[in-house]
Amino acid sequence: MSAASRITAALRLDAVSGSLLIGAAVLALAWANSPLADSYESLRSFTFGPAALHLNLSVETWAADGLLAVFFFIIGNELKQEIIHGELRDPRRAALPIAAAIGGVVVPALIFLAITAPSGGEAAGGWGIPMATDIAFALAVLAVVGRHLPTPLRTFLLTLATVDDMVAVLVIAVAYTTGLNLAALALAALGLAVFGYLQNGSGRTVRRVRARVPGWLLFAPLAAVIWTLVHASGVHATIAGVAMGLLMRTRAQGEESTSPSHRAEEVLRPFSAGIALPVFALMAAGVSLSGAHGFFSSTVTWGVLAGLLVGKFLGIFGATWLASRFTSAQLNPRLAWPDIAGIGILAGIGFTVSLLIAELSYTSDAHLTDAKGAIFLASFAASLLAALVLGRRSRHYGRLTKQQPASGETAPEKT
């Protein structure tokens with residue numbers, strides 16, 4: 001195996017990609033608070049791209065809206081595979097992470113409002129900040145500390161984080177977007193319809209097109225157009241990646257040796273892990289810790305901290321328990337409630353969309369600084385706490401694996 005093949009294979013491992021992501025975030029934080037901070041800000045604010053298409057964007061925006069869309073495409077694609085072939089085929093199993101996502105959106109927003117509303121002013125305007133889970137960082141932490149955790153736990157996190165990110169993006173479109181371009185949004189929807197038809201259509205014409213035109217030549221330009229239209233519409237452009245991922249065909253047809261879904265993941269996952277996510281983390285995680293006067297006396301600070309660290313846990317764990325207790329929804333038998341508790345803590349990592357909503361929420365530099373600092377502090381604390389809880393659960397499952405009984409005996413009880 002060549003060196004390039006070995007690197008590509010390594011980048012498909014969650015633990016490797018997670019380590020790169022976390023390393024890039026640490027580097028960004030150190031750079032933004034070093035004597036070279038000006039060079040970091042200059043790089044992040046450097047703009048390029050075709051102005052005629054309204055794409056003369058900063059490096060930071062290209063990383064958050066463009067590169068991150070590749071990652072969200074992979075997430076949507078993976079979810080589609082789970083829905084068609086995997087864990088989420090059973091609606092009773094799929095209902096729990098969706099309920100968890102709803103709880104993890106509503107409860108943090110209510111806690112934020114309860115803390116900030118009495119102070120008046122624009123402080124309460126950031127109620128959407130603690131709603132979203134940073135799926136990239138959360139999956140990275142899970143990969144690093146959860147070597148022996150059951151696979152359904154990753155699917156649970158993947159589903160709830162994707163759903164609450166999509167809810168947060170819709171909140172941005174409705175509550176935080178003043179210039180929504182409905183024409184661009186309609187054209188993007190039309191583009192997605194064409195994308196879905198070319199992927200899944202069974203007519204003779206579409207089969208002939210797929211047979212004669214290489215997939216990358218057929219879908220890459222269309223994907224670029226869809227992304228551009230979603231970006232122009234005012235909706236966060238990563239939603240285009242999720243939507244196209246969910247439209248991928250997961251079954252091979254005719255003479256295909258593998259499905260387009262699996263081929264796309266094979267090609268794009270190493271790029272996402274090795275370039276897209278580390279560059280995004282490098283551009284997004286550089287929060288300056290200087291100038292935060294009165295940080296711990298700010299209601300915005302405590303609203304974000306309580307929303308992410310307390311609200312996420314209560315919302316996710318509580319909604320999951322209530323759904324399993326009072327509906328036909330079922331927790332996967334390979335999982336236990338301490339696992340869900342760990343995921344509830346892990347979901348308090350709120351970098352990407354939380355930082356975006358903070359930028360949209362506040363005109364006051366003081367409120368914005370407090371919000372960003374609290375997002376970073378809460379995400380760091382959630383990472384550490386989740387690592388402790390899920391690391392312990394991983395060691396527990398590792399011991400169970402070593403104690404696996406011979407065929408025909410009863411397996412050790414999970415706790």
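The side chains of Thr133 and Lys312 are joined by a polar contact of 3.4 Å, where a polar contact is a pair of N or O atoms within 3.5 Å, one of which, within protein, must be able to donate a hydrogen and the other to accept it, with residues adjacent in sequence counting only if both atoms are side-chain atoms. The model is a predicted one, in which local features need pLDDT of at least 70 and side-chain atom pairs count only at pLDDT 80 or more, while totals for chains, interfaces and linings use all residues. Residues are numbered from 1 along each chain as its sequence is written, and side-chain values use heavy atoms, with hydrogens and water left out.

## Around Thr133

Thr133 sits in the loop between H5 and helix H6 (135-145); helices (H or I, at least four residues) are DSSP runs, numbered from the N terminus. Is Thr133 buried or exposed? Thr133 is buried, because its relative accessible area is 1%, and buried means under 20% relative accessible area, exposed over 50%, and partly exposed in between, with a 1.4 Å probe and protein chains only. Leaving aside neighbours within four places in sequence, Thr133 is in contact with Ala138, Ala161, Asp164, Asp165, Lys312, Ala347 and Ile349, contact meaning heavy atoms within 4.5 Å.

A nonpolar core is a set of buried Ala, Val, Leu, Ile, Met, Phe, Trp, Tyr and Cys residues joined through side-chain atoms within 4.5 Å. The largest such core has 88 residues, and Phe71 and Leu346 touch the most other members. Helix H16 (residues 365-402) supplies the largest share of this core, namely 11 residues. A second, separate core has 20 residues, including Ala188, Phe219, Val235 and Met248. In soluble globular proteins, nonpolar side chains tend to be buried together.

Which residues does Leu346 touch, if those up to four places away in sequence are not counted? The partners of Leu346 are Ala138, Val141, Leu142, Leu157, Ala386 and Leu390. Leu346 is also one of the buried residues of H14, among them Asp339, Ile340 and Gly342. Helix H14 (residues 337-346) is mostly covered, with eight of its 10 residues buried, and these buried residues pack against H6, helix H7 (151-176), helix H13 (299-326) and H16.

Ala63 belongs to helix H4 (residues 59-85) and counts as buried, at 1% relative accessibility. Apart from residues up to four places away in sequence, Ala63 touches Leu68, Val279, Phe280 and Met283. Although Ala63 and Val389 are 326 residues apart along the chain, their C-alpha atoms are separated by 31 Å.

A search of the whole structure finds 12 salt bridges, a salt bridge being a side-chain nitrogen of Lys or Arg within 4 Å of a carboxyl oxygen of Asp or Glu. The table gives some of them.

| Salt bridge | Distance, N to O |
|---|---|
| Arg44 and Glu60 | 4.0 Å |
| Arg269 and Glu78 | 3.1 Å |
| Asp90 and Arg92 | 3.4 Å |

Arg44 counts as buried, at 10% relative accessibility, whereas Glu60 is partly exposed, with a relative accessible area of 33%.

The salt bridge between Arg269 and Glu78 links distant parts of the chain, since Arg269 is in helix H12 (residues 260-284) and Glu78 in helix H4, 191 residues apart. For the pair of Asp90 and Arg92, both residues are partly exposed, Asp90 with a relative accessible area of 21% and Arg92 with one of 37%.

## The surface of helix H5

Ile98, Ile102, Val106, Leu110 and Leu113 make a nonpolar surface patch of about 410 Å². Such a patch is made of residues with over 30% relative accessible area and no salt bridge, nonpolar side chains (Val, Leu, Ile, Met, Phe, Trp, Tyr) being joined within 5 Å and like charges within 9 Å, and accessible areas come from the Shrake-Rupley method with a 1.4 Å probe, only the protein chains shown counting as cover for residues. Leu110 is found in helix H5 (residues 91-116) and is exposed, with a relative accessible area of 53%. Ala95 has its place in helix H5 and is partly exposed, with a relative accessible area of 32%.

Methods
Helices (H or I, at least four residues) and strands (E, at least two) are DSSP runs, numbered from the N terminus.
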